[in-house]
Amino acid sequence: PLILIVHCNHDMEDYSDLGYGYLGDLFASRGYIFASVDENFLNFSIADFTDPIHLGIDGEKGARGWLLLKHLQQWREWNADPEHIFGGKVDMDRIVLMGHSRGGEAVTTAALFNSLSHYPDDARVTFDFGFNLRGIAAISPVDGNYKPREQTIPLTDVNYLTIHGSLDGDVESFMGQSVYERATFSDNEFHFKSSLYVHGANHNN
């Protein structure tokens, strides 16, 4: 099985993707392929402060989810190549996406895009993903930064787990709970959704 995890928003010059190495060790010891996805170039930069009028990031929010799906396409190609080190070793029918903070919203966005044939904000952009996402996990996620066609992101027929800490000073409200309540299931297959509020935990632990 394959697990991709994606980091939060932070100074793009400070890498955080290696910070999930302990999770990689844990999952790998149990037979999973675990990869930490570097999306730092989508984050803000110290250089942004040279232009205070246009300070901040905005248009990248949908791209975070799209990029996760493009990574899955790369894994699919590797798995289909018998000459590649991962050739025939990836179970593409068992995939989970995990994300922290802004990455926690990215995995929800990815789940939406995975079910669509076109980009919701520009139908000229076509999608051809259709991965079998078994579930998504959102750690201290944000919600509502990306709204396709000004609507909150729906979540349908995808298992969902969200975790939030009571001492989170960055994302101060349990935004993942909103996604949890929007998650619905339309078929007869087994699904679950779960939210976990952790007393004493902060944004990163």
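The structure is a predicted model. The chain has 205 residues, and 43% of them count as buried. It contains four helices and ten strands. The largest nonpolar core has 33 residues, and a search of the whole structure finds eleven aromatic pairs.

**Overall layout**

- If contacts between residues at least 6 apart in sequence are taken, 72% of them join residues at least 24 apart.
- The chain has an accessible surface of about 11,100 Å². Carbon and sulfur atoms account for 53% of that surface.

**The nonpolar cores**

- In soluble globular proteins, nonpolar side chains tend to be buried together.
- In the largest nonpolar core, with its 33 residues, Leu72 and Leu97 have the most contacts inside the core.
- Six elements each supply at least two residues of this core: strand 1 (2–6), strand 2 (33–37), helix 2 (61–80), strand 3 (95–100), helix 3 (102–114) and strand 6 (133–139).
- Helix 3 gives the largest share of this core, six residues.
- Leaving aside residues up to four places away in sequence, Leu97 touches Leu4, Leu68, Leu72, Val107, Ala110, Leu133, Gly135, Ile136 and Ala137.

- Leu67 lies in helix 2.
- Leu67 counts as buried because its relative accessibility is 14%, which is under the 20% cut-off.
- The C-alpha atoms of Leu67 and Ala110 are separated by 8.2 Å, while the two residues are 43 residues apart along the chain.
- Thr162 belongs to strand 8, which spans residues 159–165.
- Thr162 has a relative accessible area of 0%, so it is buried.
- Not counting residues up to four places away in sequence, Thr162 touches Ala138, Pro141, Phe174, Gly176, Gln177, Ser194, Ser195 and Leu196.

**Aromatic rings**

- A pair of aromatic rings is described by the distance of the centres and the angle of the planes.
- Among the eleven aromatic pairs is the one between Phe113 and Tyr119, which is edge-to-face, with 5.8 Å centre to centre and 85° between the planes.
- Within this pair, Phe113 is buried, with a relative accessible area of 1%, whereas Tyr119 is partly exposed, at 24%.
- Phe174 and Tyr197 form a stacked pair, with 5.8 Å centre to centre and 25° between the planes.
- The pair of Phe174 and Tyr197 links distant parts of the chain, with the two residues 23 residues apart. Phe174 is in the loop between strand 8 and helix 4 (176–182), and Tyr197 is in strand 10 (residues 193–198).
- Tyr197 counts as exposed because its relative accessibility is 51%, and exposed means over 50%.
- Phe113 and Tyr119 also belong to one aromatic cluster together with Phe127, Phe129 and Tyr146.

**A charge over a ring**

- Lys193 lies over the face of Tyr180, at 4.8 Å from the ring centre.

Technical notes. Residues are numbered from 1 along each chain as its sequence is written. This is a predicted model: local features need pLDDT of at least 70, side-chain atom pairs count only at pLDDT 80 or more; totals for chains, interfaces and linings use all residues. Side-chain values use heavy atoms; hydrogens and water are left out. A nonpolar core is a set of buried Ala, Val, Leu, Ile, Met, Phe, Trp, Tyr and Cys residues joined through side-chain atoms within 4.5 Å. Buried means under 20% relative accessible area, exposed over 50%, partly exposed in between (1.4 Å probe, protein chains only). Contact means heavy atoms within 4.5 Å. Accessible areas come from the Shrake-Rupley method with a 1.4 Å probe; for residues, only the protein chains shown count as cover. Rings of Phe, Tyr and Trp (its six-membered ring) pair if their centres lie within 6.5 Å; planes under 30 degrees apart count as stacked, over 60 as edge-to-face and the rest as tilted. A charge sits over a ring if NZ of Lys or CZ of Arg is within 6 Å of the ring centre and within 35 degrees of the ring normal.
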